[in-house]
Each structure stands twice: as structure tokens, then as C-alpha cells.
Amino acid sequence: MNTKIYNFLLLLTSYLFIGCSDFLDVLPLNDVVLENYWTKKSDVTSVLMGCYESLQSEDCITRMGLWGEVRSDNMKMGVASSQDLEQLVKENILPSNSLCNWAVFYQTINRCNIVIHYAPEVQAEDPNYALSEMKANLAEATFIRSLCYFYLIRAFRDVPFSREPSIDDTKEYRVPAESFDVVLDNIIADMEAVKDDAQLYFRKPNPDRAQESAEIDNTARVTRPAMYALLADLYLWKGDWQKCVECCDYVIKFKQDEYEKLLKRRLQNEVWLFNDIPLLMEKIDNASGYAFTQIFGQGNSFESLFEITFDEGLNNNNRNNYIGNHYFNGGNNPSNGRLAAVDEFYEGLPTSSTELFNTKDCRAYGSIYQVGTTQFYIAKYAANTVVLNNTTSNWTPSYSWRSSNYAHWIVYRLTDVMLMKAEALIQQGDDRFEEAFSLINAVSRRAVNSFAPGSGEVLKYDTYKDSKESMEQLVMEERHRELMFEGKRWFDLLRVARRTGNTRDLAKTVTKKQLTNISGIQIRLADPNALYLPYYRNELKVNPYLHQNPAYHTGDDSDLEKN
């Protein structure tokens, strides 16, 4: 038999699906053939679960977090860090840096391509595999593939793009890089073609189980609202403001409908309407914050749309080591992670406001943990709960830390979508400013426990309404506060720089944390090419069609490209 096919299937099944498939149990190894595997629904779902499992890998989660965050103004060096991470933080990035290795994303993409290639053939053969099930599986695989390409173009700009699986000797999975815009347009088209094929629910609410809700059961796999959230993000980067707004509206309407269902089942006590949008309440007065605990401590919350889930009860070896290694590691022996929070965002709280956080903003205390006077750890995801007590003159937050690294990684949640819509509305003109402000203010009001409109609000529309620049700054600052340490900040700064054609503001913002070579880094980042990562040197060796990003071109890389 074809050796490449055999090795591929043996590796794929042994690595991903031990205990999940009877493939290797049914046939002797020397009788395994490709056609005998793709014959039933369970074959498709097994490989599809492998796509999700690939997202869970430490290599993948680490890059999702670092590529979208570590070059921003949010993070600085912690302790016991790797050399490659330190060079990334210092903007001294070379093609030999292992964090520029994109292999795990292309492995995931290829698994998705395989599902998309074979699922229709299986559906035609297996009478138990309904057409609607097949379409839903294709939508899930398309989402995961598109998400991977989206990370790649935001990190590297121009990347190889293929929808074809590498499954036999007739195709080499080595292709030239396509431009950012070409890849973006292609994944938008892919998503549009299947967005309504995804399942709305994987499990519906059971009214006989008081603590169960559909929103908790349906965020670990790709549902239709998650499809629309990713599409909204793609359209935001494309600059198609109306399409972005329409996709956001779908998600917001879905959550409003879910809230109505909670009302009917009398389970809405932790969800409150903020400017007509349902969000989890924060909780002060010496009580655990509902929003933080449910969103980041427990995970799969009402507000979640899609998150990569780590279940301690199912697989003790499948942990989120990105959080455990890079964020604050509490447990019995508290120690800083490889990364730390930048001082200026927290220093001075809770007695006085910082340049980013108001003293009443619960997000400050849920994101950053201060030890002594000089250490600022990353608390988000690392803590199970944050108890906020404002019954004295000063806030006195206290924390319970995770004993094991099973924090979920949130890809999209409702407030992210609300702020995407606000950003798109602002770009549509001043007649949309008030609607945009209402969305931003809803997110802010939740954070400062302003339950009644006009009471206790921090933001005032009159301060921003007369200037597009002020509104743009407002939405970016609110995204900064709301999504800190969630792998979004660098990408947000990059998106604005691409839209305006101005890298100076980005360079000025991200170099505030630097201690040395500030002017040199700013000069370097003035080159738009330097906003993206270099191609990893090993990729240049194996793919002759790749040409190094000019910002990182060296004589050695030139020699590689000739070979």
C-alpha cells in the first residue's frame, strides 16, 4: 500500500484518537487502507474532535496568547523566562525564534481540510449520517480552519493558503504565500458559505434541571453564534463596517433571546440588562464577583460564544499550560509567571485612578494582582474567584488561585462582540456615535456596578460625541480594559495601524514598557513590515516558495531561499 497514506493514518489515529476509534482494532496494520476508514459518521466526528484537540495543544494556545498580546503595552518580563520569549518582549525578534514556528496551525488546518474533503463522501455512504449533520460538521471544520488562518495573517501578514488536504503522494503541501487581503477574503467567503449550517445548540436547556442552561452547554464547540462572532471580526479587519454590524447584531439578538429564556425559567438572578444587553453582574460588598468567577474562573459562561475548554474531570493531562507557565501561578507556593503586568495600569489603585482604570472598575482587580509595592502579577484566568470588598475606604480584593491549570481559553465572548460593533459604528459616521457609545457604556457600567442608567456611570457621552478621534480612542480604551490579557491587545493596535496607515501611535504605545533602546524600537516599528513576525528559518528551508519578510531579511535567509 501507499506508505505515505499508511504513515499518515497510523500517526493521526494513534496520536489523536486512542480510545475514540476502532480503526486499528478492526483491521491488521498491514491491511489498513484509506478507503476502509472514511466509511461512517464516527470516522468524521473522530477526526473533527482531533481538530478541537489540536487547538487545545500547548503550542497552539501559547501562540494564540503570545502573538496577540506579548508585543503590546500589557505585558513585561516576569521570572524564569525563556530566551525566545524575552527577545519577543524586547522586540529583538529573529527568524530563529521558536515562537515564530507556525507548524501547529498548519497541522490543525490540514486536519480541517481532511474533514471537509471526506465528510461528503461518508455522508453519501452512511445512511446514519444525515445531510444536516454533515453540513454542521463542515461548518465546525471551516470555523477552526478560518480561525487558524486569521491568527496566521495577523501574526505574519502573508502566509501560504490551501484548502486541499495533504493526504497522498500527488500533492506537496508547500505553496507560495498569499497576501493578507487575499487570505482574508477567502476565509470570509468560506465562512459565509456555511455560517447558517452550524448548530444553534448542541444541547438545549432542560427545564427540570434548575442549574442547567443552554449557554453553558454550547460554548466548547462551534455554534452558529460563534460563526457570526468570527465573521464580525473578519469584517472588522476588512473594513466592511455594515457587514460587521450585521454579524454583531445576530450575536447580540441571540443573547437577548437567551436572557428571555432565563427569565421564564427564573434563572436570571446573575444576569442584568445593561443598556438592554444582558451581561453577568459583578458583585461587590465582600462577595465573589459573578462576572469574573463565571467568565474566567468557571468558564463556559452565559456570555461565552466559543472557548477552548480544558476539563479536569475528563483528562488530567490535558491542561492549559500557557496560563500555568506565563501568568501568575498561585497554588500553595505563589510565584510569578514568565510574564507580568505593566505597572502603570494598576499602580496607585485602589486609592487613586490610573491612566486606564477608574478606582471602581472591577476589571482592574480581576486582571492584575499586586504583591508588595513593585510586583504586578497577571490574575485573569489564574484566579478562580476574586472577592471585592468596598465596605471600607479602600477596596480590598482577595483571590482564590487555581491549584491546577485547567483554565479555559476564551476566543469570543459577548462584550468583545459589543465593542466590535461599536468600533464599526464609529467608522460609519457621527450619526452612529450615540449607538456606539451605548454599547461601550454598557460594558463600562457592568464593570463599575452601575445598574441603573445614569447612576454611578463613569463615562459621559458629552465628553466624546463631538470628535471621531475621541470616540475611536474611547472604544480602544474600553477594549483594552475589558479584554486585557485575552490575546487581543496587539491585534487591536495592529488593526488600527493598518486602517490609518500610521505606525507611530502603535510604536509609542508599546514602547512605554521598554527600559532600554526605546528610540531604536520605535524606529524599527516605523517599518510596517516589522509589525509582523518573521518566517521561522526552518520553514524557509522546507518551503522554497517562501520569501522572508523584508524587515527580517538577512544574508543567511537569502541563502536559504536559494537552496
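A cavity is a set of points, on a 1 Å grid over the protein atoms alone, where a 1.4 Å probe fits but cannot get out. A volume is the space filled by probe spheres set on the points, with grid points joined across faces, edges and corners. Please keep in mind that this is a predicted model, in which local features need pLDDT of at least 70 and side-chain atom pairs count only at pLDDT 80 or more, while totals for chains, interfaces and linings use all residues. Residues are numbered from 1 along each chain as its sequence is written, and side-chain values use heavy atoms, with hydrogens and water left out.

**View 1. The largest cavity holds about 150 Å³ of space.** Its lining has 15 residues, and E282, A291, F292, F296 and R363 are the closest to the centre; a lining residue has an atom within 4 Å of a point. Helices α13 (290-298) and α15 (362-367) and strand β12 (383-388) each supply at least two residues of this lining. Here helices (H or I, at least four residues) and strands (E, at least two) are DSSP runs, numbered from the N terminus. By class, the lining has 7 nonpolar, 2 polar and 6 charged residues. Ala, Val, Leu, Ile, Met, Phe, Trp, Tyr, Cys and Pro count as nonpolar, Asp, Glu, Lys and Arg as charged, and the others, Gly among them, as polar. In the structure there are 8 cavities of 30 Å³ or more.

**View 2. The second largest pocket has a volume of about 800 Å³.** A pocket is an open set of points with protein on both sides within 12 Å along at least five of seven lines. Look for Q473, M476, L493, D505 and T509, which lie nearest the centre among the 24 lining residues. Two or more lining residues come from each of α18 (468-482), α19 (489-500) and α20 (504-510), and α18 gives the largest share, 7 residues. The lining divides into 8 nonpolar, 5 polar and 11 charged residues.

**View 3. F143 sits in the largest nonpolar core, a set of 170 residues.** Such a core joins buried Ala, Val, Leu, Ile, Met, Phe, Trp, Tyr and Cys residues through side-chain atoms within 4.5 Å. M64, F143, L152, F156 and W409 have the most contacts inside this core, and helix α8 (residues 131-156) gives the most to the core, with 15 residues. Beyond neighbours within four places in sequence, F143 is in contact (heavy atoms within 4.5 Å) with M191, V222, A226, M227, L230 and F306.

**View 4. D416 is a buried residue of the model.** D416 belongs to helix α16 (residues 414-428) and counts as buried because its relative accessibility is 1%. Buried means under 20% relative accessible area, exposed over 50%, and partly exposed in between (1.4 Å probe, protein chains only). Apart from neighbours within four places in sequence, D416 is in contact with V411, R479, L483 and K488.

**View 5. C51 and C112 have sulfurs 3.8 Å apart.** That distance is too far for a bond, since a disulfide is a pair of cysteine sulfur atoms within 2.5 Å. The count comes to 0 disulfides. C51 is buried, with a relative accessible area of 0%.

**View 6. The backbone at P350 and Y381 deserves a look.** The peptide bond from L349 to P350 is cis, with omega near 5°, and P350 is found in strand β9 (residues 347-350). Y381 has a positive phi, near 75°, in a residue other than glycine.
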